[in-house]
Amino acid sequence: MVLTKEFRICMPMTVEEYRIGQLYMIARHSFEQSSNGEGVEVVANEQVKDETNGVGQFTEKRIHLSSHLPYWIQSITPKIFYVTEKAWNYYPYTITEYTCSFIPKFSISIQTRYEDNNGTTENCLGLTQEEQELREVDFMDIAFDEIKPHHYKESEDPKLYKSEKSGRGPLLEGWRDTQKPIMCCYKVVNAKFEVWGLQTKVEEYVQVAIREILLLGHRQAFTWMDEWFNMTIEDVRNYEHEMQAKTNIKVKSALEESVNKDDKKPSQPATPKSSQPATPKSSQPATPKSPKSPTTPSSESKSWFSWS
């Protein structure tokens with residue numbers, strides 16, 4: 001049985017404001033989190049049309065993970081590993097899918113809809129009666145839900161932040177019942193790992209990791225408000241393209257450097273039988289790896305997917 005959760009994340013802004021803030025936050029966060037050959041590489045970003053949802057934006061990204069993997073997995077998997085993210089953004093409705101060619105039985109799908117309320121719509125995404133009975137609803141609070149200590153920044157604490165441009169914040173206890181304006185992100189997340197004996201642990205691990213990333217990202221979207229508040233959709237799209245180009249250069253350069261180092265690295269010679277030097281070891285093939293093992297997310301983990 002696939003583990004399904006519905007996250008409801010309230011934000012002190014309108015749905016239209018959130019559209020700008022979300023695009024800004026994803027682009028900036030992706031750039032900041034990309035280093036040492038890890039991060040988000042944008043493969044496609046183009047307009048699409050759908051009979052039901054109208055005109056939208058399609059993006060395809062490769063999310064490079066490498067050091068996110070436990071050492072025992074790193075030792076048996078190829079060097080270059082990434083998860084593929086495909087997203088269809090028909091704002092205020094989006095669909096996002098994550099797959100890994102190295103593990104075909106692993107996938108994550110996320111449906112999201114945004115509404116100008118504080119999380120009171122009971123079936124925002126039109127789930128069937130059976131799906132509603134199986135889901136777990138999680139009301140997240142960007143101000144008072146705890147984040148891991150290594151992620152905490154005073155400047156990104158909604159309990160302390162006050163926006164100079166909008167006058168919103170700091171967020172006090174019970175803010176979701178009193179804040180105006182307010183909107184809610186309804187996200188139904190399905191995590192699937194169809195491997196006997198590991199399915200429950202892996203799916204639970206993925207849901208915990210997704211919750212942590214969503215909480216951090218939405219805290220940033222609010223506390224970075226003064227950076228994006230006066231932007232138009234054209235402004236933020238230009239910013240998005242600029243940051244995506246910089247991020248791609250950053251990730252590709254680091255990946256090439258890493259591969260080149262491996263090519264030049266000599267193998268460890270065995271006990272010599274002759275005076276001839278050892279033959280250098282060839283580089284490993286560029287084949288995707290698998291996701292992280294089903295354990296509690298480490299304190300060093302970084303965001304590895306978009307919350308669009």
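Visitor: What does the accessible surface of the protein chain come to?

Guide: Accessible areas come from the Shrake-Rupley method with a 1.4 Å probe. In this predicted model, the protein chain has an accessible surface of about 16,100 Å². Carbon and sulfur atoms account for 51% of that surface.

Visitor: What share of the residues of the protein chain count as buried?

Guide: A residue is called buried at under 20% relative accessible area. That applies to 49% of the 308 residues in the chain.

Visitor: How many helices and strands does the secondary structure come to?

Guide: The protein chain has seven helices and eight strands. As for contacts between residues at least 6 apart in sequence, 74% join residues at least 24 apart.

Visitor: Which helix has the lowest mean pLDDT, and which the highest?

Guide: pLDDT is the predictor's confidence in each residue, from 0 to 100. The chain has a mean pLDDT of 82, with 76% of its residues at 70 or more. Among its elements, the lowest mean, 50, belongs to helix α2 (residues 71-74), and the highest, 98, to helix α6 (residues 225-228). Residues 269-305 have pLDDT below 50, although the model gives this stretch 94 contacts beyond near neighbours in sequence. Where pLDDT is low, the predicted coordinates should not be read in detail.

Visitor: How many disulfides does a search of the whole structure find?

Guide: The test is a distance between cysteine sulfur atoms: a disulfide needs them within 2.5 Å. The search finds zero. Take C184: its closest cysteine sulfur is in C10, at 4.3 Å, so the two are too far apart for a bond.

Visitor: Is C184 buried or exposed?

Guide: C184 is buried, because its relative accessible area is 0%. Another cysteine, C100, has 3% relative accessibility and therefore also counts as buried.

Visitor: Where is the place of Y161?

Guide: Y161 sits in the loop between β7 (136-140) and α4 (175-178). With a relative accessibility of 12%, Y161 counts as buried.

Visitor: Which residues does Y161 touch, not counting those up to four places away in sequence?

Guide: A contact list shows what packs against a residue. For Y161 it reads S155, R168, G169, P170, F222, T223, M225 and D226, with residues up to four places away in sequence left out. M225 is 64 residues from Y161 along the chain, and their C-alpha atoms are 9.9 Å apart.

Visitor: What lies 3.4 Å from a polar atom of the Y161 side chain?

Guide: The backbone nitrogen of D226 does. D226 is also one of the residues that Y161 touches.

Technical notes. Residues numbered from 1 in each chain as written. Predicted model: local features only at pLDDT ≥ 70, side-chain atom pairs only at ≥ 80, totals over all residues. Heavy atoms only, no water. Buried < 20%, exposed > 50% of the residue type's maximum accessible area, 1.4 Å probe, protein only. Helix = DSSP H or I, 4+ residues; strand = E, 2+ residues; numbered from the N terminus. Contact = heavy atoms within 4.5 Å. Polar contact = N/O pair within 3.5 Å; in protein donor to acceptor, adjacent residues only side chain to side chain.
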